[in-house]
Amino acid sequence: MTEHRARLHGVMAEFDTPEQLLSAARKTREAGYKRVDAYTPFPVEGLAEAIGTRRSWVPLITLAGGLGGGLSGFGLQYWVAAITYPVNIGGRSLNSWPAFIPVTFELTVLGASLFAVVGMLALNKLPQPYHPVFNVDRFATAASTDRFFLCIEARDPKFNLAETARFLQGLNAQHVSEVKDEE
Amino acid sequence: MAQVFHRSVNFIARFSLLVAVVLGGLALTGVLLVARSPYITNQRVTREQPIQFSHKHHVGDDGIDCRYCHTSVETSAYAGIPPTKTCMNCHSVLFNNVDYLEPVRNSFKTDESIEWVKVHRLADFVYFNHSIHINKGIGCSSCHGSINQMPLVFQASPLTMEWCLDCHRNPEKNIRPKDQVFNMDWKAPANQEEIGKQLAAEYKIRTTVELTSCSTCHR
Amino acid sequence: MSTAEPPVNTTHVTPSEPLIGPGHTYASVTDKIAAVVLTRPLGIGWLAGFTVTFAFTMLLLVAITWLFTKGVGIWGINIPIGWGFAIVNFVWWIGIGHAGTLISAILFLLNQKWRTSINRFAEAMTLFAVACAGIFPLIHTGRPWMAYYMFPYPSTMGIWPQFRSPLIWDVFAVSTYGTVSLLFWFIGLLPDLATLRDRAKNRIQQIIYGMLSMGWRNSARHWHNYQSAYLLLAGLATPLVLSVHTVVSFDFSIAIVPGWHTTIFPPYFVAGAIYSGFAMVLTLTIPLRKAYGLEDFITMRHLDTMAKVMLATGLIVAYGYFIEFFMAYYSGNKFDVFLAEQRLHGPYRHFYFALILCNILTPQLLWSSKVRRNVPLLFLLSLVINTGMWLERFVIIIISLTRDFVPSAWGRYSATFWDYATLAGTILGLFSMLVFLFVRGLPAIAIAEMRELVHEGHARKEPS
Amino acid sequence: MTDYAKQEQFPILNGAQGNSAGRHLDPEDHDAPSPERESHLDLAALREKLREKSGAQYWRTLEELADDPHFEDLIHREFPRHASEWDESVDRREFLKLMGASLALAGLAGCGRPDETHVVPYVKQPDGMVLGRPSFYATAMPFGGDAVGVLVESHEGRPTKIEGNPDHPSSLGAANAFAQASVLGLYDPDRAQTVQFTGEIRAWSAFLDAAQAFASNVKATSGEGFRILTGAVNSPTLGAQLRKLMELYPQAKWHTWEPSAGGGVHEGAKLAFGRNVNTVLQVGKANVILSLDADFLASGPGHVAYARQFARRRKLDGPGDTMNRLYVVEPMPSVTGSNADHRLPLRASDVELFARALAGKLGVAVAAGTLPADVSKWLDAVARDLQGSRGASLIVAGEHQPAAVHALAHAMNAALGNVGATLYYTEPVAANEAGNADSLRDLSADMDHGKVDLLLILGGNPVYDAPHDFDFVSKLKKVRASIHLSPYFDETSAYCQWHVSESHYLESWSDARAFDGTCTIIQPLISPLYYTHSAHDVVAAFGDKPGTPAYDAVRAYWTEASIHLEYAIDSGWRKWLNDGVIGGTKFPPITPELKFNAASLPAFKPSPADQLEFIFRPDPCIHDGRYANNGWLQELPKPLTKLTWDNAAIVSPKLAEKMDLVHKVVSRGGEHGQVRSPLVDVELNGSKVTAAAWTLPGQAENTVVLPLGYGRSRAGYTGTNKGFNAYVVRTSNTLNCATGGKLTPTGDSYPLACTQYHFNMEGRQILAAATLAEYKRNPAFAREAGKLPDKDDSLYQEFKYPGHAWAMEIDLNKCIGCNACVVACQAENNIPVVGKDQVMRAREMHWIRIDRYYKAESPADDPSTYSPSLDNPETFFQPVPCQQCENAPCEQVCPVGATLHSAEGLNDMVYNRCIGTRYCSNNCPYKVRRFNFLRFQDWETPQFKLMRNPEVTVRSRGVMEKCTYCVQRINNVRIDAEKQNRPIRDGEIVTACEASCPSEAIVFGNANDPNSRIAKLKAQQRSYTILGELNSRPRTTYLAAVRNPNPELEKA
């Protein structure tokens, strides 16, 4: 099924339960593999740490967005009401800050949310409709249903096709298959 | 084949998202720019007139004073378009047989008005008053440009509200000595700022708050 | 969810009943829900329903076209009653729009597992409700083609919106709320879109869901960022959802009109919003679970819990009504006292009594668990409460305006055909039509989260 | 001379179009068509016609165009008919609007390329005309037995606004609602536009020939069979012309019919003095005034002047001041009655009884009947009060009271020594004696016997308003030749062979005599819009010099008349035109010898108390029907009933309760605040009419008032088929009052457009009132009721107004509720007429409304439940324009800043920024904002473009509008002042309402100037703000009303 002119992306093992996957992932790390990724149809607690991801940047990005939104929000209102065209609205003072709170708040939330989502997508390098792992048929059909996969990538310094495949077999995976990448 | 997309789609997808965002931004700024462009403000558009009347000739060359024709400019909201009679004052004797003045003579004979095409058009809800501007030292050319060099008159200024406000906020930029009001070649001196301030005080120009009140121009 | 706070009410996490019917596996859950979208043929019921709602949507368009042709004078409004159905509907729809985000955000933070099978659906409903609500602020203006004046942009006039006006706050609140809800809904959908992509049989479906899912591949790294983003959004949406109806209530409490100018409005508007929101969720889920056999995922326990929430919020609303009267007499403000009496004795008293009946008296039935577990009755109740909440807005807006300060200027209000056409056009038209499209186009239940529930073992429990 | 005429004509020959008449918010039809372009208009109409036609029709239409004279007529009638009233129909315009809206929604609104517009200068600009600066011309509006001197504002030859003429005795600077509304009458597209013969268009010359033919015929019989019918003729010139005609045709007869004038005035004078004299009141000099059913403040000759004199005696600068005292005895609440210190509701027929009794008390021996106990108690007190101030008291008898009452009034005034003090007598004003129906009776008798060959009807509309027992129509048919001169092709015109369209007083030369004899030259401000002519032209057509222009006739008359005057015509003419009065024409007082003799009085026949009494009164807004097609007057709420667009059979609350005639306020089917009142059949004098009943607190028992003037069948688009026609049940011997009729509810109900059906203040600080005694005890009573919150309570710092601070003070003690300000405002600010349907939906557009409140404990809702306090409640009026609050609640809630404060404290309303959320109106405690729910303005009818005030934006659909303190006037004055580098003088800026107010109740000015009138008034303790507790801090404040009751009656 793999065409010629195809480069190796990595080796993929398939497991029945999240528990198996989790232990396998841990073992893989212990075995010294760095470039590892795991795939589960729903978030599995501890898995990310097991394959060695660091804490997420999303919260910081969100904070930045929130601050930006809020400041620009109040800034706009103050500038409009008190600087660019100051007018007497029903005897209210130019900088009637109590009246500016709602909009400031809304813009804070808006900025934060936009940054959170965009940040999340960016950090996940999405959109990315094509990915080598989809070349594995069983992955493409079952990864989003009830199968759990572990993939050791070829970029890993410790990677060696036969070696790694055997190692994965050793973690009593259901199947172990090569992941090919088109050139 | 389980793979739904070709790998190139990755680039296409990301790039098109980027493009969408950029284009959106450009469109927005575009609209704002167009709104200020002569296409919308009608600046520099010369219009066909029933008679190719040249301000350049009458004002620039002959040096006729604005008020000879626009009689009510100092007294009324409207500067006034001269009646045919005013043309005939001279043209009953000067060029009294050239063809291109036939419409004028004809109007005078038949008592049918000459229908000039409007060049400066303010929205109907804007109440501009020529006399007060003239009396407070705002010269013709400040808004109308150097008429004395226009063979056919066109609208020199954008006549947008922000343009009006700009002067109502700091009139000193444009105030001139009263004897200069009808001088088409008046150029703001280097020290216009302080001269303007003195004149503003002298002419009792109202405060910015008053000049930028809505009812100053809108009723 | 490691970061989420510990559950408040323990009876919810160690439930007496399962949240999912017995014997479900990852696959069975996935199959059942995905099937509704991918394989199941269009039923005659769906087609009929869609046709009707489409017709009503057209009625809405006709009403709006006529409105733009002639002017708002085709409505029942007048001086002094400057706001009629348009604003009543706006507030009502916005209120309904609160349930979704509330369920998906607040209950998420409170770690209420039972939210899982209804949140997706509730969020969709939120979006549609907000869409309907969004129409009214635009069309109720006398010159809708000038409505863009309400947005801050550098115009050639050099003038800007007037940020002291609650209507401007509305513009920002509603648009923010719409955007955030959409984002929240979308990232919730991401994994399920991926699931659909993987299960899609024909190419078109593959491409559509493939593009929408952006290449989501269930990687642990993805899940990692995903969860933190989702949690943050939940955290942001919670104050947002409370702020939106607060701001809407400012439209009234900032004004000096007796009956509007009161500090109780923000809390009791929010409560009312949740009240009507849950009612609307019930109105939609009950037929849905029947039609698509989702009883296993939307169980009696869900209905029961939602009924309890309605009861609770209903009581808060009742308190609000009481406080209005109390403050009127306690403050001794003659205008407020007069208005309070108007509600009871004035020309529109029957509306007020109907309101009390729908919003306060009838819902007391929910105290009995028999009622809460009687599905048809629950459905009926949800309709009654929806009506009641609409009446509440009618009473607040119309009655207060008919008789304010100067007796010589008092007036009467009654709606015209076009008022009713617009109302029906949103309820039976746009809103319902979008719901119909939604249930067939996207998974009405969050599949990934259901798998999670299966994983956490909510399925294996037997009914006690 | 004639060159002067020329100069008058000039603006008309070519009106300037440099500026557009009436400004539009939407970029539609910018330059106003000038009379010069009349032909264009017709062509437009024609094109219209052709567009509608298709195929064969199309060609037929063209043929018509070619030769058929009817087509010309058709063109004339082609002007849009939704003239002054907004109509439902969807037409081409609506479609375009739809396109417009959808385009705009597509975001293309800004991108439309404005089409070229043209500037059309004069060929020869008239001397002294400055484009863009209005000029004012003095003239006079003839009205009934009087003429109101006016100054007419004219923009480039287009009369746009009427102001009072300070130099004219019957104006003194103010102008009543009729005068204000006469501008609309001038531009009314429904006016008859050509001479017609049996409905076909004829040239004026054709009429002249016909007239001469007639003339030669009747000359043969020296005028036998030649009859002329006129109303009251107030024009000396016309009077002279007619008298000349009578000399020319000795056998001819001149008949008179003035439908709404009561004959009692002249008959009474004859009874008292043996001859007809004219009574001129000097209200200002009277301390105690008794009105016997006389509405002298709001109707009748000189009422504007009387109102001013009266109000000046109600002026209170401090507790030390004194006031006059007004007693009123009347059957139906009138404006005068509502301002009375004591009002006694009495059936019209019982007023004579009252007069006789009072006369007895005042030492005029006359047989008196018996009065009810409470009434005679009241009477005693009044008698004592009158005698208490001999020589400074005044008794006024009502126009519609019988001769006896007038005779008695003369006698009593004499007895009280008032003659020469508070009133004086002069020669009659009118050239003929208009009053009872005798003259018309003779005419119709002659017509019946076929004695009339040629009937010339100058003005008037007898077919509509003649007493029904004359059966005028059938008799008119027996006349061989009939000619009718009138502004509209009305009921009468339909039965006459010739109809001559009459010129408006602003279009023609004439003259008029005021109530005190003063004469005014009526000069045209615009050449006739249509092919119309004046009475002078028509009369001349039968004289020896046919075709004499009115101008010459007037000149001719005054050449003779001016012999006795200060100036001869040549020196005086320009002055007279300029002043608006002819110096020295005021009648000197005469002292006719009182020949009063009780025996000579017609015996008093009391009407049985159990029987219903029906009284006929001219409508307060459209008078006897002559203003039926005037939208402004039709939509003007009647002073007391607040009804618009209809008249109603007015009954007392008690009667209403007894017969279940109370109207109901319903809200259904989108007709908001709609009032439905029961229909009743009025059977009277063997005739029957169906009317809507209306309950009016203060109405006398068992009396039904039937207002005249409605139910027109041929009034024009606006006036046709509105209300019911009371003339149908009016006979020649019951012109004012009839008994023996029947009132039977039909069971049906009828919708009425009422603008205020809540009359009680719910104990709120809105209209403060007290008695003089209370005021003296506590001068600040009004302020204390509504305390202003402390300024320091606010979170925000206060705004300062260093420059001008425009403000208005309205003295509720002077305001008589006459409505003049409402119409003045409508004319000044281009306020649209919305029509009955929209008024029923509570969408009327008046910027200033006059609220009417009763002191009566009653339900908050409309007067549907009877309470005795409604039998004769104290009544107050309160004009409410925008209050111009400093802390304006409306401004804070506007999302786009379309309403905000100017530096001088004006609450500006920027129409072009408004998007119409109506939030401001919701938040306005005074509900003074008005919204264009639909497109109320008529942008098609060319006449209305000419009429509009170019200084004020014409609002489009979907925008809010409201009183601006006439900011256009403020700005124009300020610009003039600034050009001269001088401050604005106090009183230099006069708002439209202030200018028109007969009683000087409204004062506008700069509150920052301590010496200004406004500052002084605001300093008065009487000054208060409506709903002060709201802290909106209005710039419009009020002086509380103070009544001056007779302590003697107080105790009772």
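Modeller: The account below begins with the cavity and then turns to the helices.

This is a predicted model, in which local features need pLDDT of at least 70 and side-chain atom pairs count only at pLDDT 80 or more, while totals for chains, interfaces and linings use all residues. Residues are numbered from 1 along each chain as its sequence is written, chains are lettered from A and ligands numbered from 1 in the order in which they are written, and side-chain values use heavy atoms, with hydrogens and water left out.

At least two lining residues each come from strand 25 (671-684), helix 26 (836-840) and strand 32 (849-855) of chain D; helices (H or I, at least four residues) and strands (E, at least two) are DSSP runs, numbered from the N terminus. Strand 32 of chain D gives the most, with 3 residues. By class, the lining has 13 nonpolar, 8 polar and 7 charged residues (Ala, Val, Leu, Ile, Met, Phe, Trp, Tyr, Cys and Pro count as nonpolar, Asp, Glu, Lys and Arg as charged, and the others, Gly among them, as polar).

The helix packing is also in chain D. Helix 12 (residues 348-361) and helix 13 (residues 373-388) of chain D pack at an angle of about 45°, with their axes 10 Å apart; axes are lines fitted to C-alpha atoms over the stretch in contact, and angles run from 0 to 180 degrees between N-to-C directions. Helix 12 of chain D is therefore oblique to helix 13 of chain D (under 35 degrees is roughly parallel, over 145 roughly antiparallel, 65 to 115 roughly perpendicular, and the rest oblique). Their crossing is right-handed, the near helix being turned clockwise from the far one by less than a right angle. In the contact (heavy atoms within 4.5 Å), helix 12 of chain D uses F354(D), A357(D), L358(D) and K361(D), and the residues of helix 13 of chain D include V375(D), W378(D) and L379(D). The contact residues divide into 8 nonpolar, 1 polar and 2 charged.
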